[in-house]
Amino acid sequence: MHKPLTPNSPMDYFKEGAEIEISSDEDGFRGAWFAGTVVNPPAKKRNKTLVLVEYKTIMADESGSSPLRETMDVVQLRPPPPRERSRTFQISEEVDAYYNDGWWEGVITEAHENSRFAVFFRTSREQLEFSENDLRLHREWINGNWVPPLEEENVKNEEKSAVDVRSVFFEGALVEVSSDEEGFQGAWFAATIVKSIERNKFLIEYKCLRTEDDTEFLREEVDAVHIRPYPPETVAVDRFHLLEEVDAMFNDGWWVGVISKVLGRTSYIVYFRGTNEEMEFDHSDIRLHQDWIDGKWVMASQALEL
């Protein structure tokens, strides 16, 4: 089992031989993390920090005789996440599912017999069934910390109760909604709950997105797995740092990304893994990334307090 890391800098981890996970830019593989090792440590080149890596499960050719090696931007790498020895998963939990030689982020939508679960993948809009052994709690590596942190082994998972969505998503509640529409995947849009339609399904009205004729704000029926409360305001940040995970405001939504370059005190380049794009943003259009986990908002700075 991998232990949580606390290096002086997130870059300190990527030494020769270090075990890592790699995110891919290739079509059909975006949103997945693949096991690998560092061949050559980070080196600066053309305003990027590049690392030569070797995959563990992806081969260089069809013969499968040698593992694939690629030079990757450091923002596409992370250490392997920690993992509980055993865990009982809950509906609506964010998980990673092992599929096609990699770990893919999804949401548990159904619990079946024999410790099997249905997982919905937002990026591909697919739902597949997995054994409990092929799932792990989804975690983000933020400023050298895993969020959420590894759960204490002596905490009984059955004592953890799932959040009642109806107590959070009530009529008039301000929320954020993720979209399955092509071109909008990976973004969160502000909305309000109009009413509950059925168990775990709601009618919402967007705050910024409008109907095609631009006469009114768009309304949609949305499943609870695509809704989260509106993030609370955080302490004002004077400056964001390299490799810090953030949300950037673009096209009326908040898109999760990573600071790949600091241009000055008021502007930054943000890298988006889902589209393999980099864009420049002003400080005012960026916020610290937070995750809604087990009914709580969690940031890296709060990780050890959970």
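**Reading a strand and its surroundings**

Analyst: Let us begin with strand S20, residues 267-272. Six of its six residues are buried, so S20 is largely enclosed by the rest of the structure. Please bear in mind that this is a predicted model.

User: Which way do the side chains of S20 point?

Analyst: The general idea is that side chains in a regular strand alternate between the two faces of the sheet. In this case, Ser267, Ile269 and Tyr271 point one way from S20, while Tyr268, Val270 and Phe272 point the other way. Residues of both sets are buried.

User: Which strands are joined to S20 by bridges?

Analyst: Strand S19, residues 253-262, runs antiparallel to S20 and is joined to it by four bridges. Strand S21, residues 277-282, is also antiparallel to S20, and here there are six bridges.

User: What are the bridge partners of tyrosine 271?

Analyst: Tyrosine 271 of S20 is the bridge partner of valine 258. In S21, its partner is glutamate 278.

User: How many residues lie between the strands in each hairpin?

Analyst: S19 and S20 form a hairpin with four residues between them. The hairpin of S20 and S21 likewise has four residues between its strands, and there asparagine 276 takes a positive phi near 55 degrees.

User: Let us turn to the charged residue. Where does aspartate 291 lie, and is it buried or exposed?

Analyst: Aspartate 291 lies in strand S23, residues 291-293. The residue is buried, yet it has no salt bridge. To judge this, one looks for a side-chain nitrogen of Lys or Arg within 4 Å of a carboxyl oxygen. For aspartate 291, the nearest side chain of opposite charge is that of arginine 228, 5.5 Å away.

User: What polar contact does the side chain of aspartate 291 make, and which residues does aspartate 291 touch?

Analyst: Its side chain makes a polar contact with the side chain of histidine 289, at 3.1 Å. Leaving aside residues up to four places away in sequence, aspartate 291 touches Glu140, Ile142, Val147, Lys296, Trp297 and Val298.

User: What is the secondary structure of the protein as a whole, and how much of the protein is buried?

Analyst: The secondary structure comes to one helix and 24 strands. Of the 306 residues, 43% are buried. Among contacts with a separation of 6 or more, 49% are between residues 24 or more positions apart. The protein exposes about 16800 Å², of which carbon and sulfur atoms supply 45%.

Key:
Residues are numbered from 1 along each chain as its sequence is written. This is a predicted model: local features need pLDDT of at least 70, side-chain atom pairs count only at pLDDT 80 or more; totals for chains, interfaces and linings use all residues. Side-chain values use heavy atoms; hydrogens and water are left out. Buried means under 20% relative accessible area, exposed over 50%, partly exposed in between (1.4 Å probe, protein chains only). Helices (H or I, at least four residues) and strands (E, at least two) are DSSP runs, numbered from the N terminus. Two strands pair if DSSP finds at least two bridges between them. Lys and Arg count as positive and Asp and Glu as negative; His and the chain ends are not counted. A polar contact is a pair of N or O atoms within 3.5 Å; within protein, one must be able to donate a hydrogen and the other to accept it, and residues adjacent in sequence count only if both atoms are side-chain atoms. Contact means heavy atoms within 4.5 Å. Accessible areas come from the Shrake-Rupley method with a 1.4 Å probe; for residues, only the protein chains shown count as cover.
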